[in-house]
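Please look through the sequence and the model shown below before reading on.

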Amino acid sequence: MKLFQLAFACKLYGPLGDYDSSLKTFRESVGLELNVQDAAHRRALFVWLRKWGCRQFAKAHEGMAGDALRAWADRFLHTLPSSRVPLLNLSPTMIRNAADAYENLRDRRACWQERKSGPCLVTFGPAGAAKTLFALRPNALPPWDDPIREGLDYDKSADSYSRFLANAQSHLREVLEEAARFGISADKLPAKLS
């Protein structure tokens, strides 16, 4: 049954937003791998994040967010799985490392916002951190946002992000097993769902 639910969700996904084209534009501008040390790559990332609903990456403060991202990368990028490792092959240790990296990035500063009480520091936040990890490791680290997180009853913690990854991995395995029962191989599944 999950295979048919997934097919239905995929059919609805395209018309609901401009997510595919903005992701395609982002990938065309950075190539296969996002290099957070490259200013043009960071700029492309922040443009894409804004198009994907992350308003905390204000143009006026991209330098602040970029500095925070580079400092985070110096400490955590090497702990992420290789870009060649897919979600299905993440070990529990890889998932835990990704959750730790998520947690640290979530709390890094993205911009200042003016409020009635004065300037307020705004962080990458849970959606901004998860979407950035997806930009870095699209085959292994799926994005989430507030509606996904809340709909699945997760909070903003690293433990919830870890559970999210483990559950996504488990659901993907189930879908692939169900597809195999219908004689559909993993490499043919995307075409069958579109």
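## A pair and its network

Which side chain meets that of Asp100 in a salt bridge? The partner is Arg96, with N and O 3.0 Å apart; a salt bridge here is a side-chain nitrogen of Lys or Arg within 4 Å of a carboxyl oxygen of Asp or Glu. This is a predicted model, in which local features need pLDDT of at least 70 and side-chain atom pairs count only at pLDDT 80 or more, while totals for chains, interfaces and linings use all residues. Residues are numbered from 1 along each chain as its sequence is written, and side-chain values use heavy atoms, leaving out hydrogens and water.

Asp100 and Arg96 both belong to helix α5, four residues apart, or about one turn of the helix; helices are DSSP runs (H or I, at least four residues), numbered from the N terminus. Arg96 also forms a salt bridge with Asp159, at 3.1 Å from N to O. Asp159 lies in helix α8 and Arg96 in helix α5, so this pair ties together parts that are 63 residues apart in sequence. Through shared partners, salt bridges join Arg96, Asp100 and Asp159 into one network.

## A buried pair

The whole structure holds eight salt bridges, one of which joins Glu62 and Arg50, whose closest N and O atoms are 2.9 Å apart. Glu62 is in helix α4 and Arg50 in helix α3, 12 residues apart. Both Glu62 and Arg50 are buried, where buried means under 20% relative accessible area, exposed over 50%, and partly exposed in between, for a 1.4 Å probe and protein chains only.

## A lysine without a salt bridge

Lys131, which is placed in helix α6, is buried yet has no salt bridge, and the nearest side chain of opposite charge, Asp145, is 4.3 Å away. The side chain of Lys131 does, however, reach the backbone oxygen of Trp52 at 2.6 Å.

## The nonpolar cores

In soluble globular proteins, nonpolar side chains tend to be buried together. A nonpolar core is a set of buried Ala, Val, Leu, Ile, Met, Phe, Trp, Tyr and Cys residues joined through side-chain atoms within 4.5 Å. The largest nonpolar core has 45 residues, and those touching the most other members include Phe26, Trp48 and Tyr161. Among the elements that give two or more residues to this core are α2 (19-30), α3 (39-51) and α8 (158-181). Apart from this core lies another, of six residues, including Leu176 and Leu189.

Conventions: Lys, Arg positive; Asp, Glu negative; His and termini not counted. Polar contact = N/O pair within 3.5 Å; in protein donor to acceptor, adjacent residues only side chain to side chain.
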